[in-house]
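Subject: Structure handover and notes

Dear colleague,

Please find the structure below, followed by my notes on what was found in it. I would be glad if you could read the notes with the structure open beside them.

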Amino acid sequence: MIYLDNAASSKPTRLALDSYAKLAELSFANASSPHKAGREANRYLEEARKRILKALRLEKTHSILFTSGATEANNLALKGVAFQYASRGKKIVSCLAEHSSVKNALKELQDQFGFEVVYLPVNSEGKVDIEELKKAMDSQTILVSLMAVNNEIGSINDVKTLASIVHQYPKAYFHVDATQAIGKEAFEYSCADLLTFSGHKFGGLKGNGALCYKKTIKFLPLASGGDQEYGYRSGTVDMPGAYAMSLALEEALKELPAHKAKAKELMSALEKGLKENPLLAINSPKDHTPFLVNFSLLKHKASVILEALSEKEIYVSSHSACDEKKVDPSETLLCMGYDEGRADNAIRVSFSPSNTVEEVETFLQTLSQILTEVKTR
Amino acid sequence: MTGKHFMIRFGELSTKGDNKKQFIQSLGKNVRHALKDFPSLTFQVTHDHIFVGLNEEDEEAVLSRLQEVSGIQRISLVLPVEKDIDKIAELALELAKKENGKTFKIETKRIDKLFPLKSYEICVKVADHILENSSYAVDVHNPDVTIHVEIAESSAYVYAHEYPGCGGYPLGMNGKVLLLLSGGIDSPVAAYSLLRRGIKVECIHFAAPPYTSEAVIDKLKDLIGVLNVYQPKIKINVVAFTKLQEAIYKYVAEPYCITIMRRMMLRIATKVAKKCRALALATGESIGQVASQTLVSIQTINDVTNFPILRPLAVEDKVSIMNTARRIGTYEISIRPYEDCCTIFKPKKPKTKPKIEECEFFEKKWDWASQVDECVSSITSILMEDGIEKVEEGEAL
């Protein structure tokens, strides 16, 4: 198996798996229980919070609450803040290239709850234009949500500059979806008032995510109940998962320079091969993250090529819909100016540090072969 | 025999003369299998009925399972009683009182011809008892409640309710057919129609990876899982069709591609049917629905085989097929968005009146016969049993 879909989910690290198994077995008590066993579980939970905040250098300014993943964290960050501060203004600014968990949460706020949502376009490099953000901001804006690294094409937003514009408006909070950035592209995490991510993208387990938020921010909770997680996210916390995520995050941040060097090596081998093939065209901008690249099949159907690769146990991702009736081209690629054929037949390759150059070469060879064998669209 | 029983009647079997015994045995076996999740049931198979003793099991759950067993005409919830007219009358009164009605009628069936009273006399005696002891009036034409009395060899039975079965013949009595299963809406409904008549089904599916996704196979497993209610074990033969299909698109003019593809499918299916001892092929075709299902197309496609082809949906309209699919629970699975080998490379203008001679002209262009043989020999099969894929020993997780 050659697994090149790490942006979708990556293999948990040994450390994360071992600590999860150990804690799930030895400290299974409810972290909210007042007895000794519960207090012990709670100690691990608090330790996990500290480890993450410290690794992100947010321990002074931010708090953290654990969620089931980035989708839930994004929903809580957006809806929780929008509902809490609706009296201050009802405008939210975001971007067309955001992940569906942001876009669809905002769509609900717009359609069901009367918020005004402005979606910024991305430029030809897949980034949010500073000038566009400046134009969109006004005194009614209470929330801006922009991602650090784009999940489809790997473009990197200049989070710090974007934050400086948002923070010229004292009522506006800045949410950064860092799901594809943690462990891959470092930035000044503290410029995000709300920071969300998911553990399984950097070696943690599926089912664990987090929302880091400025200590002054309050939310209207989406899940009410026993007031766990400061009352903002009720329900028994998955302490072993949260703890495993904290270890994976520490490791990912510590190893970031080494991992990135490895990713660059892999990416340069990959892009060299992609550029040599006239049937392919790279969509990612020049300065995209080396962990992820997006390219289009100029003559073939992405779902078919994905299936052919899958048969050979090479796993990549495609945006393309598998149904001829449901044409659903990538909005990000359309927004960058690519035509529908190209936006509909894009493939994403994403690395983990354990991928090898040999795997990349095998992928390239197999892909070229498949492209000559499989009928064009 | 005491307590509530379901009495199962065979209907169409009564015309079967010498084969009747075999039919009843087969039905008995199928009934037991359909009810295997209810451990307290008791079974008694007689010449005229099958009795299922309820013994505390859930009446409605048992009934709904029975209504899905082919070969059953009617199902009644009966109470056995001693063959004594006073006791029969008393039980009939009890049942009538439980019903919500003003008028009633008694219907008697006297199978045991040695019983001292004739059918009419039984009716009168029982009706008298009810009239004297309740506020019911008799209405023989339009009664609110009909109380049935049946005098069988071993016991008498009284009941007020009768439910329809799905009819047809016990599964397997009419042999097996090989059904072309695409995964769309129609073919599972065709399978259902066959199963209801007691015709066993084995499936053949044409997969064209990578043009079709592996997810289609999962879809087929789910569809067949639903149909396992009617036939507990169903085999799906998956044909690797890619090379032949690519050749078709290479050698054949676009409007004829689908026609020739269907001809190849029938050639392969015929060979597979002979191998698996199916007595006929079956398809979900509905006349006129698409280009390959016009009568002219059907004739041109059918020309490659002399094997009988059953088309249970031939004259059904799409709406009624869809309604059936929804009712039996295959619709939601069928509409999952995966392409099958009939929708990939769909010609822009498929021929609606393809000619046999034209097909033969295209088919001279390459050696399809060896590709057909290759398809037959490369088949992989999946066995679905009671909704779960049966994996060979050692392969299971």
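A surface patch, in these notes, is made of residues with over 30% relative accessible area and no salt bridge, in which like charges are joined within 9 Å and nonpolar side chains (Val, Leu, Ile, Met, Phe, Trp, Tyr) within 5 Å. Accessible areas come from the Shrake-Rupley method with a 1.4 Å probe, and for residues only the protein chains shown count as cover. A salt bridge is a side-chain nitrogen of Lys or Arg within 4 Å of a carboxyl oxygen of Asp or Glu. Lys and Arg count as positive and Asp and Glu as negative, while His and the chain ends are not counted; the place of a charge is taken as NZ of Lys, CZ of Arg, CG of Asp or CD of Glu.

Please keep in mind that this is a predicted model, in which local features need pLDDT of at least 70 and side-chain atom pairs count only at pLDDT 80 or more, whereas totals for chains, interfaces and linings use all residues. Residues are numbered from 1 along each chain as its sequence is written, chains are lettered from A and ligands numbered from 1 in the order in which they are written, and side-chain values use heavy atoms, with hydrogens and water left out.

Chain B

Chain B has 13 helices and 16 strands, where helices (H or I, at least four residues) and strands (E, at least two) are DSSP runs numbered from the N terminus. Its C-alpha atoms fill a box of roughly 85 × 50 × 40 Å along the principal axes, and 51% of the 397 residues of chain B count as buried. Buried here means under 20% relative accessible area, exposed means over 50%, and partly exposed lies in between (1.4 Å probe, protein chains only).

On the surface, B:Asp303, B:Glu357, B:Glu358 and B:Glu360 gather in a patch of negative charge. One of these, B:Glu360, belongs to helix H12 (residues 356–363) of chain B and is partly exposed, at a relative accessible area of 35%. A nonpolar surface patch is formed by B:Leu131, B:Val138 and B:Val140, which together have about 230 Å² of accessible area.

Salt bridges

Side chains of opposite charge can pair when their charged atoms come close. Over all chains, the count comes to 40 salt bridges.

In chain B, the side chains of B:Arg311 and B:Glu285 meet in a salt bridge at 2.7 Å, N to O. B:Arg311 lies in the loop between strand S14 (309–310) and helix H10 (318–328), and B:Glu285 in the loop between strand S13 (280–282) and helix H9 (295–302), so the pair ties together parts that are 26 residues apart in sequence. B:Glu285 is buried, with a relative accessible area of 4%. Elsewhere, B:Arg9, B:Arg74, B:Glu150 and B:Glu162 are joined into one network by salt bridges that share partners.

In chain A, A:Glu131 forms a salt bridge with A:Lys134, with the closest N and O atoms 3.5 Å apart; both residues lie in helix H5, three residues apart, about one turn of the helix. A:Glu131 is partly exposed at 46%, and A:Lys134 is partly exposed at 41% relative accessibility. A salt bridge also links A:Lys272 and A:Glu276, at 3.6 Å between the closest N and O atoms, and these two residues are four apart in helix H8 (residues 256–276), about one turn of the helix. Here A:Lys272 is exposed at 56% relative accessibility, and A:Glu276 is exposed at 58%.

A:Glu229 is placed in the loop between strand S8 (209–214) and helix H7 (239–254) of chain A, and at 5% relative accessibility it counts as buried. Its side chain reaches the backbone nitrogen of A:Phe66 at 2.6 Å, a polar contact being a pair of N or O atoms within 3.5 Å, of which, within protein, one must be able to donate a hydrogen and the other to accept it, and residues adjacent in sequence count only if both atoms are side-chain atoms.

A:Ser164, in helix H6 (residues 159–166) of chain A, is partly exposed at 38% relative accessibility, and its side chain reaches the backbone oxygen of A:Thr161 at 2.6 Å.

Best regards
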